[in-house]
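Please find below a short note on the model under review. The points begin with a single residue and then turn to the chain as a whole.

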Amino acid sequence: MKDIKLTIDKAFGFVTPDAVSAYKAQAQQAQQDLEQGTGLGNDFLGWLTLPSDIREQLQDINQTAQLLRKECEVIVCIGIGGSYLGAKAVIDALSNSFAWLQDTKPQIVYAGQNIGEDYLFELQELLKNKRFGIISISKSGTTTEPALAFRLLKTQLEEQQGKEAAKRLIVCITDKARGALRTLATQEGYKTYVIEDNIGGRFSVLSPVGLLPISCAGFDIASLIDGAERMQQVCGSNTPFEENPAAQYAAVRNALYKSGKKVELLVNFNPKLHFVSEWWKQLYGESEGKEGKGIFPASVDFTTDLHSMGQYIQDGERHLFETVISVQEPNHEVLFPNNDANLDGLNFLAGKRVDQVNKMAELGTMLAHVDGGVPNLKIEMPKLNEFYLGELIYFFERACGISGYLLGINPFNQPGVEAYKKNMFALLDKPGYEAESKAIKARL
Ligand code: PA5
């Protein structure tokens, strides 16, 4: 069986193989710390075994998804950060690029991931007189953005369907006991799923947080979990450092960081992967950006962004390295036609697949960027399907845990995200924030 494959040789003009191997002992220690729960943040390691642990819930998740699919024209997934990015990444990667223009039912839309008034107005307009359902996701159950969206849309749903009918169309995914969303779900009698205490938001895509929306979109969550479980074996501590893709990726990116490459660009040559990059940015940014340290995770969609960011990448400050996700075999075939007049001069491509052009763009870009001083790592995905997305997700999660330990930080907390919330609540005069309100207003 083919698996996703990591290649790091195009980093070796910039760091030596020895600089990568130097992390062997530390990476093995990190692996043990993850598996035995002896490292920092060890109360947040539930994601490690999720692929095997979640199996028993798959049937129930699929049943709930079937019910929502049958009843709804539109399903609104409410959540922010780790409570929506994983689902959106997988759904976008597997959906038709023009699904929103097609008659596909149900359409999946998102809310609670911003506080845009126009966005919410337009969403409410879209949902008017439509049969819609809501999946409300918040681990803490107290996050402002999704709570605000949920109150608005729940009210609308109850007005359109009646309170009793609305109850069948709302599912909540939250903590088993704590938080306002749990209280509300219990009081209203909504169907719920639990986010376990030991699974952080950005590591939760393989829990009901990601699986319910993905199943609602019509995709095969069992196959996604199969792929993740396969990577659980491949990336485990039994696999030697030299053959372990997660340990190798963690080691090489730390070696590059140490050599001054402070920014990692996740690159794709397939626009369907745009939100995989958004999910990855959260995973690595929130896990590693701490204590004045951490690679800055950024992303580009090629070839699109070669016409906007290409100049900087080729020629700007040399603090970048790239990790390219390369999908080996497209799901469809488009052949380039011959044209007798050949006015566009493209007959040299006649009979070739569009993907051949894309692959040569990929190869040419990689060589140009390496020549320009940008180390390249490559992750080959045999195909874009549920199984390989499952592999990719688990690979990145596992590597993130190892990489964070190599960096010497706790990859599983996020103390920095509280600062803006405190200021926002103070500025909004939230009860309990009186002293902060006074202090912050004096600064304006
Ligand atoms: O990864 C994380 O922990 C965060 O990004 C959270 O997912 C995000 O802040 C949403 O939190 P919650 O699910 O509690 O609403």
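**Notes on the predicted model**

1. Apart from neighbours within four places in sequence, the contacts of Lys-154 are Ile-134, Lys-163, Ile-170, Leu-184, Glu-188 and Tyr-190. The coordinates discussed here come from a predicted model, and the remarks that follow should be read accordingly.

2. Lys-154 belongs to helix α7, which spans residues 144-161. The relative accessible area of Lys-154 is 11%; because this value is under the 20% cut-off, the residue is classed as buried.

3. On burial in general, 52% of the 444 residues of the protein chain count as buried. The accessible surface of the protein chain is about 20,300 Å², and carbon and sulfur atoms contribute 54% of that area.

4. As to secondary structure, the protein chain contains 18 helices and 10 strands. Among contacts in the protein chain with a separation of 6 or more, 78% are between residues 24 or more positions apart.

5. The overall dimensions may be considered next. A compact globule of 444 residues would have a radius of gyration near 22 Å, and the 23 Å found for the protein chain therefore agrees with that expectation. Along the principal axes, the C-alpha atoms occupy a box of roughly 60 × 60 × 50 Å.

6. Finally, the charged side chains of the protein chain comprise 45 positive and 55 negative ones. The centres of these two sets are 3 Å apart.

Methods:
Residues numbered from 1 in each chain as written. Predicted model: local features only at pLDDT ≥ 70, side-chain atom pairs only at ≥ 80, totals over all residues. Heavy atoms only, no water. Helix = DSSP H or I, 4+ residues; strand = E, 2+ residues; numbered from the N terminus. Rg over C-alpha atoms; globule rule 2.2 N^0.38 Å. Buried < 20%, exposed > 50% of the residue type's maximum accessible area, 1.4 Å probe, protein only. Contact = heavy atoms within 4.5 Å. Areas by Shrake-Rupley, 256 points an atom, 1.4 Å probe, with all protein chains shown as cover. Lys, Arg positive; Asp, Glu negative; His and termini not counted. Charge placed at Lys NZ, Arg CZ, Asp CG, Glu CD.
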